[in-house]
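Q: I would like to learn how to read the surface and the pockets of a protein model. Could we go through one together, step by step?

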Amino acid sequence: MRRIHVLLLLVLVVACGSRAPRGLWTDPSLDASTLKEGVVIGGVVDLTAERDVYDMQQDADLLEEALRENRPTLTVASWAEARSLVEPDSLDMILDAYRLTGRLTARQLATLAPLAAGGRYVALARIDLDQTLWDYSRRIREMSDRTVVDLDPESRRTIALLLDLYDLERNLLVYTLPIQRTGIEHGSVYTVEGVESVPTESEIRNAMEDLDSGSDRPEPADRAGMLAGMFREATKHLP
C-alpha cells in the first residue's frame, strides 16, 4: 500500500510540474517534428508606443535569442532575413495591422508566403500593455525625541504580450500564449519628519508628491530585460 502511495505522489508531482500556463493554445498539427521545419521571426509590435525600425529590430532580436536558447537545434530565420524575403513595405503594413488587431488574416498570410523560404512557421509578438506605477510603503520609526515615517519607494512595471506562431503551409494560427509579468525596482528610503512630533498625513502625502516629481524615485524595470525573460518563458512551452 505504501508503494502505491509513493507512485501516486510521483504522478501528482509530475502533473503539477508540467501544467500548461494559462491561456496557452496549441493546434494539434504542431509538434516537435513539424517545428523542426523552421521558424521565421515575423516581427514584434508594440501597441503602447510608436517604435521605429531600429527599435523593432532590437525587440525582434530578443525573440530570436529566446527561440535559439530554448531550441538550440531549431532553424530560426531573423527579422532581417524576413525583410529580405518579403517586400519591407508590405511587411510593415501587415505588422501595423497586426499591432491593432493581434491577428493575421488569410490575405495577409498569403502575402507572407515567401517567408516559407526561411521556415514553415512565422513567429509574431504583440506588446499590449506597458505600464509603470509607483508606490510608497510606510514604516513608522520611533526615535528618542520624535516619531518619523520612512517611505520605501518602488516602481512596478507591468508588461503584457502575446506570442503567436502561424503555419505558412496551412495558413493558420497554431500556437498562442499570453504572458504578463511585473518588474519591481526599489529606491532609497525617504524619511519624513513632521513639524510636530509625528508627521501628519498631509506631510506624508506632500513628501510622496515631491518624490513623484523629483529624480529620487526608482526607475522602471528595464524593458529589454523584462522582454527577454518573457520571450524565454513564452517559447519554452513550444512542442
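A: Gladly! Let us begin with accessible surface: accessible areas come from the Shrake-Rupley method, with a 1.4 Å probe. Keep in mind that this is a predicted model.

Q: What does the accessible surface of the protein chain come to?

A: It comes to about 13200 Å², and carbon and sulfur atoms account for 52% of that. As for the residues, 41% of the 239 in the protein chain are buried, where buried means under 20% relative accessible area.

Q: How does the radius of gyration of the protein chain stand beside that of a compact globule?

A: A compact globule of 239 residues would have a value near 18 Å, whereas this chain has 24 Å. Its C-alpha trace spans about 75 × 65 × 25 Å along the principal axes. The chain holds 8 helices and 7 strands.

Q: Now the pockets. How is empty space found?

A: The general idea is to roll a probe the size of a water molecule over the atoms, which shows where empty space is left. Here, the largest pocket holds about 180 Å³ of space.

Q: Which residues lie nearest the centre of the largest pocket?

A: Val45, Arg51, Met56, Asp96 and Arg99 do, out of 14 lining residues. Strand 2 (39-46), helix 3 (53-70) and helix 5 (88-101) each give two or more residues to this lining. Helix 5 has the largest share, with 4 residues.

Definitions and conventions. Residues numbered from 1 in each chain as written. Predicted model: local features only at pLDDT ≥ 70, side-chain atom pairs only at ≥ 80, totals over all residues. Heavy atoms only, no water. 1 Å grid on protein atoms, 1.4 Å probe; cavity = no way out; pocket = protein on both sides within 12 Å on 5 of 7 lines; lining within 4 Å. Points joined across faces, edges and corners; volume = space filled by probe spheres on them. Rg over C-alpha atoms; globule rule 2.2 N^0.38 Å. Buried < 20%, exposed > 50% of the residue type's maximum accessible area, 1.4 Å probe, protein only.
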